[in-house]
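Please read this note with the model open beside you. Take the points in order.

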Amino acid sequence: MRYGLFSDVHGNLEALQAVLGVLKREDVDNYICLGDIIGYGASPRECIKLIKDLNPIVIAGNHDYAAVHLTDISYFNTYAKEVILWTQNQLQDEDREYLTGLKLVHNLPDFTLVHATLRRPEKWNYIFSTYDAQQNFQMLTTSLLFIGHSHVPIIFEENTPCRYYFKETVKFEEGRKYIINIGSVGQPRDGDPRASFALYDTESRIIQIKRVEYDVTGAMRKIAEAGLSKVLAWRLSRGE
Ligand code: ZN
């Protein structure tokens with residue numbers, strides 16, 4: 001089975017279209033979305049519709065839940081809060097229903113999906129260090145955990161000692177656990193403005209974390225037209 005994985009689209013239609021364009025050419029059998037479909041970008045409804053049409057496995061991100069009042073936004077930064085309030089006004093009942101129905105964790109026979117962490121996923125903490133990773137490895141009942149949330153692609157490997165690294169292509173070894181952050185489609189934060197996503201082949205156990213250029217200027221223009229903060233547009237051009 002070949003999976004096309006993407007995360008943290010954040011209402012960026014231009015980036016999502018570019019990613020799906022590549023995944024379609026890659027003959028993907030099934031799609032996986034690791035949450036945060038909306039928030040930050042100016043095309044929340046269009047992104048929900050496009051993702052729905054793929055019929056993927058989808059889990060909830062903090063912004064998805066925030067838009068439908070399922071999580072507290074008091075800890076959101078000013079810009080994130082501003083966009084969530086704007087997004088709440090854009091969404092229609094069918095969108096709200098869709099976001100409300102998303103679950104926090106999804107288990108497949110071979111791997112596990114969560115937006116933030118397996119340990120108390122509703123707290124939306126981050127896996128930044130090997131210490132964070134080890135706490136999650138302890139709770140992981142499969143060998144692979146795919147995550148998003150930080151918008152920075154990275155791989156944690158349970159080894160002695162536990163280590164982390166980034167490689168575009170990784171073959172998972174049998175009997176070893178991995179946590180894979182696939183980066184963000186709509187708001188990359190690793191200094192590379194190109195949209196990040198992944199392809200996973202369960203037979204070869206090979207994951208490829210890929211990047212694709214998209215119409216950043218178009219996405220920035222829409223943010224400006226929606227009257228949202230300039231910072232949100234500017235950071236797209238920098239991958240910050
Ligand atoms: Zn996010």
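1. **Ground rules.** This is a predicted model: local features need pLDDT of at least 70, side-chain atom pairs count only at pLDDT 80 or more, and totals for chains, interfaces and linings use all residues. Residues are numbered from 1 along each chain as its sequence is written, and side-chain values use heavy atoms, with hydrogens and water left out.

2. **Overall make-up.** The protein has eight helices and twelve strands. These are DSSP runs, numbered from the N terminus: helices are H or I with at least four residues, strands are E with at least two.

3. **Size.** The C-alpha atoms fill a box of roughly 50 × 35 × 30 Å along the principal axes.

4. **Cover and contacts.** Of the 240 residues, 57% count as buried. Buried means under 20% relative accessible area, exposed over 50%, and partly exposed in between (1.4 Å probe, protein chains only). Now look at contacts (heavy atoms within 4.5 Å). Among those with a separation of 6 or more, 71% join residues 24 or more positions apart.

5. **Strand β1.** β1 covers residues 2-6, and four of its five residues are buried. Which strands does β1 pair with? Strand β11 (residues 195-201) pairs with β1 in the antiparallel sense over four bridges. Strand β2 (residues 30-33) pairs with β1 in the parallel sense, also over four bridges. Pairing requires that DSSP finds at least two bridges between two strands. Check two positions: arginine 2 has aspartate 201 in β11 as its bridge partner, and tyrosine 3 stands opposite asparagine 30 in β2.

6. **The crossover.** From β1 the chain runs through helix α1 (residues 13-25) to β2, a right-handed β-α-β crossover. Right-handed means that, with the strands pointing away from the viewer, the path from the first strand over the helix to the second runs clockwise.

7. **Helix α7.** In α7 (residues 216-225), Val216, Gly218, Ala219 and Ile223 are buried. They lie on the same side of α7, because they cover an arc of only 165° around the axis. The arc is that of the directions from the helix axis to the C-beta atoms. The buried residues of α7 pack against α1 and α8 (230-238). The face turned away from the buried side carries exposed Thr217, Ala224 and Glu225. After α7 comes glycine 227, with a positive phi near 80°.
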